[in-house]
Amino acid sequence: MLDFRLNVFYTVAKRLSFTKAAAELYVTQPAVTKHIQELEHQFGTALFDRRGNQISLTVAGNVLLRHAETIMTVYRQLEFDMNALKGESGGTLRVGASTTVAQYVIPPVLARFREQSADVNISLLNGNTEQVEQQLLNNDIDLGLVEGRTHHSDIRYTSFVKDELVLICRADHPLADRDEITLDELKTVPIVLRERGSGSLEVIEHALRGVGLKLTDLTIDMHLGSTESIKSYLGSSRCMAFVSVFAVQHELQAGSLKVLDVQGLSIQRDFYSIQLQGVSEGLADTFMRFARQHYKRG
């Protein structure tokens, strides 16, 4: 059994908040304070600097956090291995996913995985690719699912499903009765794009370069910060937009949006699972095998 005091310290150290740690661990704040004081008495040194409502780790606190992260990782692996001996897949899996994956790609996988592995506790954090990578490096998650890759040397990237960015418009758009438009027509159509820094925008920009176009060649109506806001905007405008095909499945089935091919232009990318280099087989690998099989069946 993992020392609960160490778990309390780890949670406080990661959140830098006694209040947030108490809420996350379902204990009272005085109980959190008591456990931290007991650890400080045991080690004979302060683990946190307290200044008003703000706390920070001392040198000793940082040392303990490094060891606590190692112990927590080993404990999760131990929990998985012991359950595996009994033919079970119980344990705790902390997943981080970039926006498109978190909203459209992984929820159905999580639902089906929970049906067959109800004893697995799963949490899902959301962020952009860079933030998910940092969560992994900080040991805040066990597994990341991202839209791009930065080739970080401490991270192992594995493609798990392919995505296509498609051009969409309202079903009653003047061009909606067409199956395809030309590159010249694309340049004249008002386009809504994701914000600068978005992985989707980078993929679009790269694909356009492949056919001799730049973003500035397009008639850009607006930049918006999410795919959901883009879909809502299209519902009240005659613009078009490039979005992940995963993001418009329901709208395409309902007939409210239409996909138009662009002659000579294909925008594809991979979604990646990411784990720390050297991490042994565990629940994250079991989950990813299930996820790949899910989309292979689809």
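Reader: In which loop is Asp177 found?

Author: Asp177 is found in the loop between strand E6 (155-170) and strand E7 (180-181). Helices (H or I, at least four residues) and strands (E, at least two) are DSSP runs, numbered from the N terminus. This is a predicted model, in which local features need pLDDT of at least 70 and side-chain atom pairs count only at pLDDT 80 or more, while totals for chains, interfaces and linings use all residues. Residues are numbered from 1 along each chain as its sequence is written, and side-chain values use heavy atoms, with hydrogens and water left out.

Reader: Why does Asp177 count as exposed?

Author: The relative accessibility of Asp177 is 68%. A residue is buried under 20% relative accessible area, exposed over 50% and partly exposed in between (1.4 Å probe, protein chains only). Asp177 therefore counts as exposed.

Reader: Which residues gather with Asp177 in a patch of negative charge?

Author: Glu164, Asp179, Glu180 and Asp261 gather with Asp177 in this patch on the surface. For such a patch, residues must have over 30% relative accessible area and no salt bridge, and like charges are joined within 9 Å. The charge of Asp is placed at CG and that of Glu at CD, and both residue types count as negative.

Reader: What makes the contact of Lys187 with Asp184 a salt bridge?

Author: The closest N and O atoms of Lys187 and Asp184 are 3.5 Å apart. A salt bridge requires a side-chain nitrogen of Lys or Arg within 4 Å of a carboxyl oxygen of Asp or Glu, so this pair qualifies. Both residues lie in helix H8 (residues 183-188), 3 residues apart, or about one turn of the helix. Lys187 is partly exposed, because its relative accessible area is 28%, whereas Asp184 at 53% counts as exposed.

Reader: How many salt bridges does a search of the whole structure find?

Author: The search finds 17 salt bridges. Among them, Arg170 pairs with Asp172, with the closest N and O atoms 2.7 Å apart. Glu205 pairs with Arg196, and here the closest N and O atoms are 3.2 Å apart. Glu205 is partly exposed at 22% relative accessible area, while Arg196 is exposed at 58%.

Reader: Why is Asn139 called buried?

Author: Asn139 has a relative accessible area of 10%, which is under the 20% limit, and therefore Asn139 is buried. Asn139 is found in the loop between helix H7 (129-137) and strand E5 (143-146).

Reader: What is the phi of Asn139 near?

Author: Phi of Asn139 is near 65°, a positive value in a residue other than glycine. Most residues other than glycine have a negative phi. Tyr26 also has a positive phi, of about 60°, although Tyr26 is not a glycine. Tyr26 sits in the loop between helix H2 (18-25) and helix H3 (29-43), and at 77% relative accessibility Tyr26 counts as exposed.

Reader: Which domains does the domain assignment of the chain give?

Author: The assignment gives domain 1 (4-83), domain 2 (87-161 + 270-296) and domain 3 (163-269); the bounds come from an automatic or database domain assignment. The C-alpha centres of domain 1 and domain 3 lie 47 Å apart. The chain has 12 helices and 12 strands, and buried residues make up 46% of its 298 residues.

How values were computed
Patch = residues over 30% accessible without salt bridge, like charges linked within 9 Å, V, L, I, M, F, W, Y side chains within 5 Å. Areas by Shrake-Rupley, 256 points an atom, 1.4 Å probe, with all protein chains shown as cover.
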